[in-house]
Amino acid sequence: MRSRTHRVQNGLIMLIVSTATISLLWSSHITKDISSQIRNAFSAMITHIVDEKKDSYEIMGNEMESNIRIETENEPNRMDDNREEMENVIADIIVSSPISDNESSPDETESKIPTFIVAGTQKGGTEALLKYLKKHREIVPSSRYEPHWFDKVSSRHEYANGTLPESAVVNYARKYRDYAFNATQYKKRKNPERFELKGHPERITFEKTPLYMFVPKAAHRIKSTLPHTKIIFLLRDPVERAYSHYKFIKSRMMKRFKNKNLRDKHLDHRFEDFIQKDLRALQSTGVIPFDKNDPLALVKLDEAWERYTKLKMDRGASAWDAVIGRGLYVAQLRVWWKVYGEQRKEKILVVKSEDMRPKEDGYIHLEDIFDFIGIVGGRIKHKRE
């Protein structure tokens, strides 16, 4: 018998509706006007898609409670810290050639690394999930924090959408594993035997990079490169996510700009300013407005989303200011649904971030996630910090 969250995979659209319509308008830091602007950006497309799919999706009966939420404002983003190193690796990968006829294929253990990827959403509780998963001795995280491989590293042999031909997969995947699950890096850690993967097929491996969810090519690269790997998405109320995203940007600016005048210039931007800027980007690329009466609305949405993500990822920008776009779950997950097709029912798990909050018994319940990745457990004692 599948667990509750595992069963609601066919009800994902209703999950998105629930997530997108929970009212947090009375929060002290988000005004009703700003919340309305965010919700209006995607409410029409959600309604239309649900109308199209309601006969084939399971309906979730309970709304998300809004009083308690996972705080992720202190979630680190170390991408800038190793940017130069990552750029060198990228340069090496781009010029790589497909495997030669005498190159050995990966053994069974290696080919199943990673077991799963936490692919989004940003500010959705992925850091909290990482912390919980690391408590289990048989679950091994990547040696690099947020590898950003599939959103940053291309192969010259891949097709326009990011799919790799079979002849290039082994080489590309091996370089990914050498970078993200590096044996040398594991040996430098305390209790290195805890991270030994070779000869331990029973160990569960994973990485988390929330940007994967946003980048269409990442879905194609992962699907063609890691056919055994499962995907987990955490979805948080989009208004709360947007504000958390904004606060994260502000904190990064404080650290990045040493010059006081330059820092003050950037810090002068209000939450409303970021909302308006992203709304203009969504409008200019055609993501909004969404005409639910247009029979080609979903086709146009997919094309517009491709334009929008390219704009936001231009010159390695990493969608840092996509405060609304990163919360448009329908547009993002449509990409993954089409890439995985019917396999999505077994390969993709969607969880509400709020489900990871402590329950009345004092435990964090991750049984649904543990069941999905094929391991016993998931009941973690909550410690107040």
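Ile117 stands opposite Ile231 in strand 4, and on the strand 3 side Ile117 stands opposite Glu207. Strands here are DSSP runs of E with at least two residues, and helices are runs of H or I with at least four residues, both numbered from the N terminus. This is a predicted model, in which local features need pLDDT of at least 70 and side-chain atom pairs count only at pLDDT 80 or more, whereas totals for chains, interfaces and linings use all residues. Residues are numbered from 1 along each chain as its sequence is written, and side-chain values use heavy atoms, with hydrogens and water left out.

Strand 1 (residues 116–120) pairs with strand 4 (residues 230–235) in the parallel sense over four bridges, and three bridges join strand 1 to strand 3 (residues 204–208), again with a parallel run; two strands count as paired if DSSP finds at least two bridges between them. Five of the five residues of strand 1 are buried, so this strand is largely enclosed by the rest of the structure. Buried means under 20% relative accessible area, exposed means over 50%, and partly exposed lies in between, with a 1.4 Å probe and protein chains only.

Strand 4 is mostly covered, since five of its six residues are buried. Besides its pairing with strand 1, strand 4 is joined by five bridges to strand 5 (residues 348–352), and these two strands run parallel. Within that pairing, Phe233 stands opposite Val350 in strand 5.

Helix 7 (residues 126–133) has six buried residues out of eight, so it is largely enclosed by the rest of the structure. The buried residues of helix 7 are Thr126, Ala128, Leu129, Leu130, Tyr132 and Leu133.

## The chain as a whole

The secondary structure of the chain comes to 18 helices and seven strands, and of its 385 residues 54% count as buried. Among contacts between residues at least 6 apart in sequence, 81% join residues at least 24 apart, where contact means heavy atoms within 4.5 Å. The chain exposes about 18,800 Å², of which carbon and sulfur atoms supply 49%; accessible areas come from the Shrake-Rupley method with a 1.4 Å probe, and for residues only the protein chains shown count as cover.

## Nonpolar cores

A nonpolar core is a set of buried Ala, Val, Leu, Ile, Met, Phe, Trp, Tyr and Cys residues joined through side-chain atoms within 4.5 Å. The largest one has 66 residues, and those with the most contacts inside it are Phe150 and Trp336. The largest share of this core, eight residues, comes from helix 16 (residues 329–340). Apart from this core lies another, of 24 residues, among them Ile364, Leu366, Ile369 and Ile375.

Which residues does Trp336 touch, leaving aside its neighbours within four places in sequence? Trp336 is in contact with Tyr212, Met213, Ala218, Ala219, Ile222, Ile231, Phe233 and Ile348.

## Aromatic rings

The structure holds 18 aromatic pairs; rings of Phe, Tyr and Trp (its six-membered ring) pair if their centres lie within 6.5 Å, and planes under 30 degrees apart count as stacked, over 60 as edge-to-face and the rest as tilted. The rings of Tyr246 and Phe271 have their centres 5.2 Å apart and their planes at 45 degrees, so the pair is tilted. Tyr246 lies in helix 12 (residues 238–256) and Phe271 in helix 14 (residues 271–284), so this pair ties together parts that are 25 residues apart in sequence. Tyr246 is buried, with a relative accessible area of 11%, and Phe271 is also buried, at 4% relative accessibility. The rings of Tyr246 and Phe274 have their centres 5.5 Å apart and their planes at 65 degrees, so that pair is edge-to-face.

Elsewhere, Trp149, Phe150, Tyr172, Tyr176, Tyr179, Phe181 and Tyr212 form one aromatic cluster. The charged end of Arg144 sits over the ring of Tyr179, 4.1 Å from its centre, and the charged end of Arg379 sits over the ring of Tyr363, 3.6 Å from its centre. A charge sits over a ring if NZ of Lys or CZ of Arg is within 6 Å of the ring centre and within 35 degrees of the ring normal.

## A buried proline

Pro147 lies in the loop between strand 2 (139–141) and helix 8 (149–152), and Pro147 is buried, with a relative accessible area of 1%. The C-alpha atoms of Pro147 and Thr209 are separated by 6.6 Å, although these residues are 62 residues apart along the chain.
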